[in-house]
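Please keep the viewer open as you read.

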Amino acid sequence: MASGELIFLVWNDLVGLSRTRGMPVAEYERRRAHGLAHGLGWALAGQALTPFEDIAANPWGSMGEVRQTPDDDTRCRVTLRPDHPALHLVLCNSLQPDGSPWECCTRSFLAQALDALEAETGLTPRIAYENEFTLIGEDLHWAPPFSLDAVRRIAPFADLCVAALLDAGVGLETFEPEYGVGQFEVSCGPAAGIAGADRVVVTREIIREAARQCGVRATFTPKPAPDAVGNGCHLHVSLWDADGRPAAFDAGRPGELSAVAGHFVAGVQRHLAGLCALAAPSPISYLRLGPHHWSCGYDAVGVQNREAAIRICPSPVSDVRERGDAFNIEFRFTDATANPYLAIGAIVRAGLEGVRAGLPTPMLVDRDPADLSDHERGSLGINMLPASLDAALDAFERDSTARGWFTPTMVEAYTVLKRHEATAFIESTPKRMCERYVLAY
């Protein structure tokens with residue numbers, strides 16, 4: 001470890017970007033060894049930073065700060081190329097001076113949601129992400145979708161990236177070419193609780209670092225160009241009981257969803273319009289979402305239905321005694337402009353509401369919801385998702401239950417920030433908006 005090496009204290013903010021302050025590794029170790037608070041201060045108003053060059057109106061102004069306090073269990077150091085500095089980071093919680101979680105700390109929000117789910121149901125989610133991204137560079141050209149040619153053209157980047165992801169221990173499962181030009185996907189295996197969200201933050205930063213060291217750019221923007229294939233960030237969740245047994249699977253029920261999983265999914269479906277403000281939280285998100293985009297335009301639920309917002313993913317294992325181990329639920333409306341802690345925490349809260357209310361399992365849809373008539377969608381309880389960020393924010397603000405998951409200060413800070421972001425692109429063309437988000441994400 002080089003004597004001048006920096007360790008970066010990283011937190012993911014309300015616009016889903018990894019902000020940081022760095023310190024020499026020696027100083028970090030000195031603080032730890034002496035029992036000192038080894039976090040760093042950060043202005044409260046930092047949570048009102050947009051993805052660009054400005055800051056939204058906020059409740060704090062110039063007053064107050066929190067401590068960005070590292071969780072040493074998340075510390076990660078990877079060396080990609082020997083002629084480049086190592087990427088050394090640790091994820092942080094935003095804490096008050098007395099050590100309590102700040103009301104706008106997104107990582108603490110997820111931790112509290114997970115604690116509430118476990119306390120009331122005994123269940124723990126295992127969380128995994130599919131990360132779609134696009135490589136951009138002068139020498140990157142069209143190749144057949146999903147082809148070996150596409151991935152071999154970027155072999156130096158792919159090999160560098162894979163080695164670093166394996167070194168970081170993020171549970172890398174696949175690296176594969178996707179449908180779009182220069183589009184790829186990295187999938188990581190499930191991790192229990194908050195570690196699943198930590199993995200996605202670390203994974204994205206390693207992918208970006210590998211791209212930088214190869215002279216290209218990796219962008220996770222939901223839409224690289226108006227006519228380009230969109231990048232999703234599909235969230236997979238399975239439920240496990242206190243004895244480590246799968247709790248979402250029941251071979252005798254519709255879609256093989258257990259009763260409690262059916263309640264959970266129904267809760268997410270009920271609050272899905274408002275959830276879009278948290279999980280698809282940028283103006284550009286709504287260039288990706290929509291009918292016939294293989295993302296979703298409706299709040300439908302279906303088995304292996306890639307036009308449903310919530311897709312039930314059955315296990316490939318034939319033995320019914322083992323099928324529950326790989327059975328999971330995919331939430332397809334999320335993208336990488338969302339803070340993963342905020343998006344997952346809100347989904348967990350919505351699912352818990354469904355469990356509390358004993359909501360019935362939604363009707364399962366085996367067709368593209370856009371191909372159904374209004375009457376058919378109505379009879380199946382399917383509603384169209386918001387078509388813009390403003391519409392999603394309107395739905396969130398109407399949903400008193402969803403607002404109640406947050407303090408009034410957090411609701412104000414988040415909605416004002418996101419209204420600011422939406423307003424910034426009212427006069428913009430889709431092309432210009434895509435260009436801005438490519439650079440930010």
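Strands β1 (residues 6-12) and β2 (residues 18-24) run antiparallel and are joined by seven bridges. Strands pair here if DSSP finds at least two bridges between them. Helices (H or I, at least four residues) and strands (E, at least two) are DSSP runs, numbered from the N terminus. Tryptophan 11 has arginine 19, in β2, as its bridge partner. Five residues lie between the strands of this hairpin, where glycine 16 takes a positive phi near 75 degrees.

A word on the source: this is a predicted model, in which local features need pLDDT of at least 70 and side-chain atom pairs count only at pLDDT 80 or more, while totals for chains, interfaces and linings use all residues. Residues are numbered from 1 along each chain as its sequence is written, and side-chain values use heavy atoms, with hydrogens and water left out.

The largest pocket holds about 990 Å³ of space. Its lining has 44 residues, and Glu130, Glu185, His234, Glu330 and Arg332 are the closest to its centre. Elements that give two or more residues to this lining are β7 (124-136), β8 (172-177), β9 (183-188), β12 (233-240), β14 (310-313) and β15 (328-331). By class, the lining of the largest pocket has 16 nonpolar, 14 polar and 14 charged residues. In this scheme Ala, Val, Leu, Ile, Met, Phe, Trp, Tyr, Cys and Pro count as nonpolar, Asp, Glu, Lys and Arg as charged, and the others, Gly among them, as polar.

The second largest pocket has about 380 Å³ of space. Among its 25 lining residues, Asp139, Leu140, Arg153, Ile154 and Val216 are the closest to the centre. Two or more residues of that lining come from each of α4 (155-168) and β9. The lining of the second largest pocket divides into 15 nonpolar, six polar and four charged residues.

For both searches, a 1 Å grid is laid over the protein atoms alone: a cavity is a set of points where a 1.4 Å probe fits but cannot get out, a pocket is an open set with protein on both sides within 12 Å along at least five of seven lines, and lining residues have an atom within 4 Å of a point. Grid points are joined across faces, edges and corners, and a volume is the space filled by probe spheres set on the points.

## Enclosed cavities

The whole structure has three cavities of 30 Å³ or more, and the largest cavity holds about 90 Å³. Of the 16 residues lining the largest cavity, Trp11, Asn12, Cys92, Ser94 and Thr106 lie nearest its centre. At least two lining residues come from each of β1, β6 (87-95) and α2 (106-121), and β6 gives the most, with four.

## Helix α5

How many residues of α5 are buried? The count is 17 of 20, so α5 is largely enclosed by the rest of the structure; buried means under 20% relative accessible area, exposed over 50%, and partly exposed in between (1.4 Å probe, protein chains only). Just after α5, glycine 215 takes a positive phi of about 75 degrees.

## Cysteines without partners

The search finds zero disulfides, a disulfide being a pair of cysteine sulfur atoms within 2.5 Å. The sulfur of cysteine 161 has its closest cysteine sulfur in cysteine 214, 8.8 Å away and too far for a bond. Cysteine 161 counts as buried, at 0% relative accessibility.
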